[in-house]
Structure formats: structure tokens, C-alpha cells
Amino acid sequence: MKGLAAAFLVWTLLSPKGGGSQAWPTHTACKDGGLEVLYQSCDPLQDFGFSVDQCSRHLKSNLSIRFGMILREDIKELFLDVSLFSEGLSILSYSYPICEEDLPKFSFCGRKRGEQIYYAGPVNNPGFDIPKGEYQVLLKLYNKNNPMVACANATVICS
Amino acid sequence: MMAPPVSHFLLVVLFSASCKAIISLDQMCTEKEANKTYNCENLGLREIPDTLPNTTEFLEFGFNFLPTVQNTTFSRLIDLIFLDLTRCQINWIHEDTFQSHHQLNTLVLTGNPLIFMAETSLDGPRSLKHLFLIQTGISNLEFIPEQNLKNLESLYLGSNHISSIKFPENFATQNLKVLDFQNNAIHYLTGKDVSTLEATNLSLNLDGNDIKDVEPGAFHSKVFQSLRFGGTLDLSVILKGLQNSTTQSLWLGTYQDTEKQDLTTATFEGLCEISVESINLQQHHFSPLSSTMFRCFTQLQELDLTAAHLRELPSGIQGMNSLKKLVLNVNHFEQLCQVNAASFPSLTDLYIKGNLNKLSLGAGCLEKLENLQRLDLSHSDIEASDCCNLPLKSLHNLQYLNLSYNMPIGLQSQAFRECPKLEVLDLAFTHLTVSAPQSPFQNLSLLQTLNLSHCLLDTSNQHLLEGLLDLRQLNLQGNHFQDNSISKTNLLQTVSSLEVLILSFCKLLSVDQQAFHSLGKMSHIDLSHNNLTENSINALSHLKGTYLNLAANSIRIIPPDLLPILSQQSTINLSHNPLDCTCSNVHFLTWYKENLQKLEDLEETVCANPPNLRGVKLSEVSLSCGITAVGIFFLVVFLFLFIILLIFSAKFFLRWKYQHI
């Protein structure tokens, strides 16, 4: 038995880490005022940090967020795809340009691959009330050459 | 008693062996070009793998682990031209690391926590041209070993802790073309700092540096290709500092997340003493925009006021006679006339893309722009029931017009009579209402490119494309045809000079054999994402040497008589079709293997039938559909037995018959 345990130990020690099946931990982006937002990175290569100030089911316009990650792509061009699901049904999906060659909206546009970025600032969203319920949100950041700069599976619980 | 430990030991060896196999598989670099280009990123490597050939020229080695690099690290790969070491946790670059790399042209060290670079660490390359030292913790330009940088063309120093652009005395900057200081802590620029830049025609990027003060005249008699001061709070300080300098383009835009100051007439006073061709002021607020504000813009050729919160441009702007290009994207105009275009008589390019209000075109708002060649009005919520002769009045020199992504637009016959020199017309994703038998594009005899994708066209109108004598490229993607088929008589018959035709996503079920008969000059035809079967291939019989895209259709079996049609084309894409890999398709399968060089997207060209071959690449299928030796043997035996049986039964029958006589 001891030998078998040793074999198992050696095997676990030598096993390659990551390997695709390992999921990133679920983080809380905000939890306040009847609203809870949880997210998990769906980029197999890395996790990222994200939080929203002032979380409430009466969502204010022009929210402030904090965001930190390592860029694996240049972001001279950066686009966001958002898909919103409730009870497995697609409610809404839209695409939004964040950085474009002829309109870099944010100061971080144009940063290079390999850079660590930290952004704390407004996101220019409209204000609205979130109806009660549980929602799944899939957010994807990508550029022209690569389908993934960042990816998040989020759950919004509004009670 | 010895046996169990031994077996356990064996087990351990077995386990670890299997794991090693997995690891070595994991560590494989991907080959992008044989013996030349390799990507080894994200593999957690601690050294250059032995599998890389000595001849490697382009190596992407980012996101690995190399705390120390020294002359042994890359010594084997002496042919390196491009080396990317992004985020390899490099702390030390020791002496003579690149001593034997004479060809090295580009070195990327972005995102490494560099502690020290040895004096000779960059010696070796005969002509190191591009050096990336972004976010490497540099606070002083003395940190960069300067000995071997005299050929440097671009130096990227973004996201560091640099507070002065003053280069050390021996640093050779004369060949620099790009110098990037994005997101540093440079708050002051003095004449002394700037004078250390010996390069002419430099592109200097100081975006995100919060520049508080520039010594007036610090850039005196300097010549730049481009200067960027993105996100700077006080523009007047910059403009005063640029006195008596010359620059092709000056980027003074700001961002959503940056603190802003309203721009006033006083802001631009310094501009009178600068020679500049192109200015960008994106996302600024003007307080309010008056005609006097442009007093010092007289020399300007290009002005970009993207997202500048504009509702109108003031009328009576004086002295903007030489402006050639005006960008007014993402503003709040309600009427095209609010641009007051008459102030810019020399304009050749006008962009009003992505307007945030519904833009109404009005009549003759641009009629004073006689030299206008390019006009972009896309994504601007434009709705017009009768376009476009009144709105585009007198634009006789217009060559490029973009009206894509707008609200429904109605077109009558000769809808573009006012712009007879149009060469490119983009109407994609704008619903066009054209009542038959009108020909809206009549008289556009110079038009070469027409994009009508997703325009919800009435394709049964045979006269729709009449008058397009020189049309080379036509995009009809996403339009629908009657009965989902293109018949013998169709709207393409009038565009005989067509070279590129896109008919993807048109829900087509069939194309008549004669449908493309008048199109003899085709070089590119895209029929992908329809429901076409092999019968439609007949329509291409008169075409030779074309690029033919038949991807994502319903092609199953291609009979032998259609193969010559495919053979005479230059490139064919048959991916994502439910192709048959049984013996009934054996002629095509044989042809496919013999013509692999003609075929595109081989990875996605797979069998759908029979079930056991589903998903197998066509290039890997081998069928034997002739009769095998065993088959022949059995057939012969069977025939032999059958003949014997026949003889015996005949004999028996005859005997039986004659017995009764």
C-alpha cells in the first residue's frame, strides 16, 4: 500500500499543471443593495481581476469599475461582446468597440501585449433597474487578430 | 518479501514515464514555417528546447521562465532575426548575451522585471533595429546599454517610471524613427531634454504622461513625423512649447476616463507659430465652438474632431481654405447642413460616421465642396425616401461614397446622377427600396466596386444593375432570390465586366446552367453558405482560372462529368459540405487527391457519409471500389458452379422429355 501511495504522490507531483480542465476560481465583482455579481475567467491561460463600485439593483449610469490583467495581445483595437441569458434563454447580445484605430475611447487603448494593465474609471453605461432574477452573462474581449483577449462567465443575482 | 517493493518501484517508474511523455508533448513549440519560425509561448520553459533547429530565425518565446539570460542561453540559435521574450520573468541580462547573433533585428523584452542589463548585453547584432523595453521598470534612460544602438529605428519605453526624455550623451538617436514613451511620468519638457533627440522625422509618442509644463520654444526648429500628447490636460502649454517646430501630425485627443478642460480660443493661440499638417482633437469639449477658434488653423490640411460633442460647426469660419480632410465622426449633428461645409472649399475627404443623432441629409448641404472625393456617412441613422441627387448635389468629383449601416433609403432611377465619377459605392446593411423597373445606378459608368450586401434588394428587378459598364466587384451577400434560385435571365446579365462576385448567405438552392453566361471575366466567385447542390457547378463551365468558394453548401456527390469544370479553376473551397465518401463518389475522391494544390481549407473538408467515415478529412480517405482478387475468385467459382448446374438440369430435362416419347 505504501508503495502505491508513493507512486500516486510521485504521479501527482509530476503531473503537468493547468491542462485545460482546471477552472479559475469564481470571484465576487460586487455584492450590495440586493445585487450580487460573480464572475469566472473563461480564458484557459489566465485569470483577471474585476470589481464594480456602487452595486445596486437600481444600476446608476456611468459606473466606476476596477480592472487588472496581463495583456496577451496588443489592444490598439479592442471589442467587447456581451451575451445575456436568463434561465438558459438568450435575452440580449451586443457588440461594442472599446478601442479603434480612429477612436481610442480609453486611455489604455494602444497598450502592448505583455503589459500589465490596471484601469480604475468610468465605463459610460446607461442607468437602469435590473428586474429580479438570476442572469448569466458572457463577456468576451477580442481584437482583430485574436478571438480572445479576455473572457468572463458572470452570474448576476438580483433579489 | 522483496517482490512488492519492486513492483511498487516499477509502478512509480511507469507512472512517471507516462507523465514525462505528457510533459514533453505539452512542451512542443509550434512550427509556423519549417526550420524558420517557431512559437514556444506559454509553455513554462526554462531553456531553449533541443527540438528547435539551429536555423530558427523568428522565435516567439513569450510567457516562459528565464530569470537569467546570458551568452549560453541562445548561443545555439545564431540565425535569429526576431526574438520575443515578453514576460519571461527576466531579471538579469548578462554580458555578451547576443554576442553571436549578428542578424538580430528585433528584440522584445516587454513586461520583464529587469534588475540590470550588462554594458555589453546588447552587443553582437550588426543592426539591431527594434527594441521593446515596455514595462520593464526603467526609471532612468541610463539603464539602457547604449553601445550597440546606433542603428536603432524604434525604441519602445512605455509604461515605465521615466520622468525625463533626456538621453545620455553617448546615446545615438539619429536613426530613430519611432520613440514611444506612452504612460510614463514625464511632466516637464525642457529645451535641453528635447535637444538630445538628434533624429529628424521622428514619431514621438507621449500619450498618457500628464504633461504639466513645456518650456516655451523647447521644440524650436525640430522636425517631426508625428507627435502625440494624448490625454494632456492643458493643450495651450503644449502648443506654446511647440513654437517654431514642424510636424506632419499632432495628436492632442483625450479619453473618456481622463480629466478634461474646455478648449477655448486662447488654447489654440500657440498654433499660429507651428507648422503642422494634421491635428486630432478627439473627445474634447469646446466652450463653445466659435469661428474665431480656428484663427490659427489656416495652414492645416487635416482636422479630426471625432466625438467632440459637436451639434454644429459655426458658419463663417475664415481661413480654412487649405483643409483637405475633415473628420466629424461620432458627433451630434441633426442636419447635414449644420456642418456648414462652405467654410472648407478645398475639402477632398469628409467623414461623418457614427453620428449619435438621426442625421437628415437635407438638400445641397455639401454643394460648395466641388473637390470632394471621399464621403463617409455610414452608421449615422440616415433615412431618406428619395436619395441621393438632392443631398449630393454638385459633388461632381466624388469617387468614394459610404452609406452603409443606415436606415432605409429609397432610390429612384439615376439616383447618383450628381456624382458620375463614383468608383466605390458602399451600401451594405442599408435597406434599399427600389421599385422595379428602376435602375438607380444608371450613369455610374466608372463605378468599379459596389457593396450591396444585406440590402434586402428586390433581385427580380432585371434592370437594377443597368448602366454599370465598368463594375469589377459586386457584393450581393445576404440578399434573396425568387424561388431561392438564380434563373437564366437575371440581374447579373448587365454587368459583363464583373471580376469578383459574392453571393454568399443568399439561401440559394440552385443556379441555372446559363445564369453566369454573360460574365466572362470572372476571377473570384463566392457562393459559400447557401444550399447549393452539385448541379449548380454546371453554371461555372465557361469560367477558367477562378477562385471558387463553395464552402458550407449541400454538395454530396460530384459526378465525373463535372470534374473538368473544377479542374479548370485555380482555387476551390469545398469545406463544410456533406460530402459523400462512398464508392458512388469515387471519381471525385480520386480527383480530389490529385488536385490537393488547388484546394483550400483541407482541414475542414470532411466526409459526411458513410457514418464510419464521418468527420474524416477527404484527403485521408482511401477507397477501393474495383472488384478485389478474392471477389473475382468467388465470382469465377460461382459462375462455374452455375454452368455445371445448368448443364445438369438441361441434361435431366432432355432425358425426362425423351423418356415420354
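**Salt bridges**

I began with Arg472(B), which is partly exposed because its relative accessible area is 28%. For my notes, buried means under 20% relative accessible area, exposed over 50%, and partly exposed in between, with a 1.4 Å probe and protein chains only. This is a predicted model, where local features need pLDDT of at least 70, side-chain atom pairs count only at pLDDT 80 or more, and totals for chains, interfaces and linings use all residues. Residues are numbered from 1 along each chain as its sequence is written, chains are lettered from A and ligands numbered from 1 in the order in which they are written, and side-chain values use heavy atoms, with hydrogens and water left out.

What does Arg472(B) meet in a salt bridge? I found the side chain of Asp470(B), at 3.2 Å from N to O. A salt bridge here is a side-chain nitrogen of Lys or Arg within 4 Å of a carboxyl oxygen of Asp or Glu. Over all chains, I have 17 of them.

Next I looked at Glu41(B) and Arg113(A), a salt bridge whose closest N and O atoms are 2.8 Å apart. This pair crosses between chains: Glu41(B) sits in the loop between β2 (37–39) and β3 of chain B, and Arg113(A) in the loop between β8 (103–104) and β9 (116–122) of chain A. Helices (H or I, at least four residues) and strands (E, at least two) are DSSP runs, numbered from the N terminus. Glu41(B) counts as buried because its relative accessibility is 15%, and Arg113(A) counts as buried at 19%. I also noted that Asp84(B) joins Arg113(A) and Glu41(B) in a network of salt bridges.

Arg111(A) is at 13% relative accessibility, so it counts as buried. Glu115(A) is at 3%, so it counts as buried.

**Two loop residues in chain B**

Is Leu66(B) buried or exposed? It counts as buried, because its relative accessibility is 3%. I placed Leu66(B) in the loop between β3 (58–60) and β4 (68–69). Leaving out residues up to four places away in sequence, Leu66(B) touches several others, including Phe61(B), Phe74(B) and Leu85(B); contact means heavy atoms within 4.5 Å.

Then I checked Ser380(B), in the loop between β21 (374–376) and β22 (384–387). Ser380(B) is buried, with a relative accessible area of 0%. Among the residues that Ser380(B) touches are Ile352(B), Tyr405(B) and Asn406(B).

**A sheet**

I traced an open sheet of three strands in chain B, ordered β4-β6-β8 with parallel pairing. Its edge strands are β4 and β8 (116–117), each pairing on one side only. Strands pair if DSSP finds at least two bridges between them, and β6 (residues 92–93) and β8(B) have two bridges.

**Chain B as a whole**

I counted six helices and 37 strands in chain B. Buried residues make up 49% of its 661 residues. The C-alpha trace of chain B spans about 140 × 95 × 45 Å along its principal axes.
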